[in-house]
Amino acid sequence: MFNGDYSRKNTLIDYGFRLRSALDNRPLKFEEFYPMASKIVYVSATPNQWEIEKSKVKSQKSKIKLKSQKFENNNGIVEQLIRPTGIIDPEIIIKPATNEVQDLILEIEKRVKLKQKVLVTTLTKKMAEDLSTYLKEKKINAAYLHSDVKTLERSNILDNLRKGNFDVLIGVNLLREGLDLPEVTLVAILDADREGFLRSRTSLIQTMGRASRNITGQVIIYADIMTKSITSAVGEINRRRKYQVEYNTKHKITPKTIYKPIREKIVNQDEKNLFYDRDFDSRYLDEMNLESLTPYDKKKLIKKMEREMRNQAENLNFELAIRIREKVKEIKN
């Protein structure tokens with residue numbers, strides 16, 4: 001926040017719109033703000049070591065005592081391990097990375113027969129694309145998802161996976177967190193022993209969590225070496241599983257797969273392309289479904305239509321220019 005504010009004001013100062021003193025009125029830097037906050041609550045699905053250490057320090061300095069005996073020695077950390085659905089963290093299976101693709105195909109075929117879905121994580125975009133192509137050659141419906149895929153297309157790809165248009169989704173970093181896909185019963189992590197950001201303890205735990213929406217969820221880790229990150233991540237998931245199983249048994253809870261409807265889109269991708277990618281003609285004007293457009297989309301469409309109307313008039317195509325003008329009036333009203 002500080003850097004953005006500084007950059008904006010510095011530009012205004014350089015062009016004479018602000019005095020140099022404007023820089024004094026600024027947001028606090030993090031190192032300035034942190035000592036001033038006496039009470040802080042960190043909320044994270046996968047807290048890093050910095051947050052954990054700071055929580056311990058804050059709890060030791062605080063004079064507030066928790067009423068429950070259960071949290072006396074929690075060092076300022078409270079875990080939320082129980083899900084409302086009773087689903088436990090997925091079972092983890094570790095297999096050698098040798099011939100990992102061939103083994104993965106066998107595992108995918110098992111899920112496809114049961115009409116279940118699979119997520120596969122690779123280390124690079126090219127690996128994701130190549131694996132997707134290879135699986136298609138093996139008659140397996142697959143698609144890939146990475147940062148080069150446009151945002152709107154990503155949403156369509158995820159919906160198509162849930163609808164059953166394909167069975168396997170391959171990705172890199174975008175499959176790590178934030179996805180809620182109850183149809184997925186297997187998450188496969190390729191080359192898990194390649195230490196780095198995408199195979200760190202936190203990343204592995206987040207990726208494994210994609211299989212915790214279904215009661216039959218499993219994670220297969222392909223690795224020849226048990227790295228420190230793998231050992232730590234697997235140990236953490238197994239610790240959670242043990243607690244969750246004991247809790248469900250004690251309270252007689254039967255885990256249930258979550259139900260999540262597939263929401264209809266406000267504007268379909270095909271309609272977007274119809275409005276923004278096609279040339280104007282009489283058929284185009286007749287096919288317009290204006291009810292599906294948001295006010296923002298209408299504003300963009302009007303600008304394009306007015307520009308096209310002028311172009312048609314300059315080319316002496318007055319009939320089409322008049323039709324476009326009438327359509328613009330209809331949209332504005």
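In which sense, left-handed or right-handed, does α11 pass α12? The tour returns to this pair at its last stop.

**Before starting**

The model is predicted, so that local features need pLDDT of at least 70 and side-chain atom pairs count only at pLDDT 80 or more, whereas totals for chains, interfaces and linings use all residues. Residues are numbered from 1 along each chain as its sequence is written, and side-chain values use heavy atoms, with hydrogens and water left out.

**The whole protein**

Display the entire chain. Of its 333 residues, 38% count as buried. Buried means under 20% relative accessible area, exposed means over 50%, and partly exposed lies in between, with a 1.4 Å probe and protein chains only. Among contacts between residues at least 6 apart in sequence, 70% join residues at least 24 apart; contact means heavy atoms within 4.5 Å.

Select D89, in the loop between α3 (49–61) and β1 (91–95). D89 counts as buried, at 4% relative accessibility. Not counting residues up to four places away in sequence, D89 touches R83, I237, R240, R241 and Q244.

Next select K117, in strand β2 (residues 117–121). K117 is also buried, with a relative accessible area of 6%. Apart from neighbours within four places in sequence, K117 is in contact with L161, G164, F166, D167, E183, V184, T185 and L186. Show R162 as well: the C-alpha atoms of K117 and R162 are separated by 7.8 Å, although the two residues are 45 apart along the chain.

**Second stop: the nonpolar cores**

A nonpolar core is a set of buried Ala, Val, Leu, Ile, Met, Phe, Trp, Tyr and Cys residues joined through side-chain atoms within 4.5 Å. Select L119, L169, I189, M208, V219 and I221, which touch the most other members of the largest core, a group of 28 residues. The elements that give two or more residues to this core are β3 (142–145), α6 (151–163), β5 (184–189), α7 (201–208), β6 (218–222) and α8 (228–251). The largest share, four residues, comes from α8.

Now centre the view on L119. Leaving aside neighbours within four places in sequence, L119 is in contact with L161, L169, L175, L181, V184, L186, V187, A188 and R210.

Select α4 (residues 100–113) and α5 (residues 125–137), whose axes come within 12 Å and cross at roughly 55°. Axes are lines fitted to C-alpha atoms, for helices over the stretch in contact, and angles run from 0 to 180 degrees between N-to-C directions. The angle makes α4 oblique to α5. Angles under 35 degrees count as roughly parallel, over 145 as roughly antiparallel, 65 to 115 as roughly perpendicular and the rest as oblique.

Show V101, Q102, L104, I105 and I108 of α4, which meet L131, Y134 and L135 of α5. By class, these residues are seven nonpolar, one polar and no charged. Ala, Val, Leu, Ile, Met, Phe, Trp, Tyr, Cys and Pro count as nonpolar, Asp, Glu, Lys and Arg as charged, and the others, Gly among them, as polar.

While α5 is selected, find T133 in this helix. T133 is partly exposed, with a relative accessible area of 45%.

α7 and α8 pack at an angle of about 45°, with their axes 8 Å apart. This makes α7 oblique to α8. Select R201, L204, I205 and M208 in α7, then their partners in α8: S229, I230, S232, A233, V234, E236, I237 and R240. The contact divides into seven nonpolar, two polar and three charged residues.

**Last stop: α11 with α12**

Select α11 (residues 295–314) and α12 (residues 318–332), whose axes come within 8 Å and cross at roughly 160°. That makes α11 roughly antiparallel to α12. As for the opening question, α11 passes α12 in a left-handed crossing. A crossing is left-handed if the near helix is turned anticlockwise from the far one by less than a right angle, and right-handed if clockwise.

On α11, the residues in the contact include L301, M305 and M309; on α12, they include L320, I324 and V328. The contact has 11 nonpolar, one polar and six charged residues.
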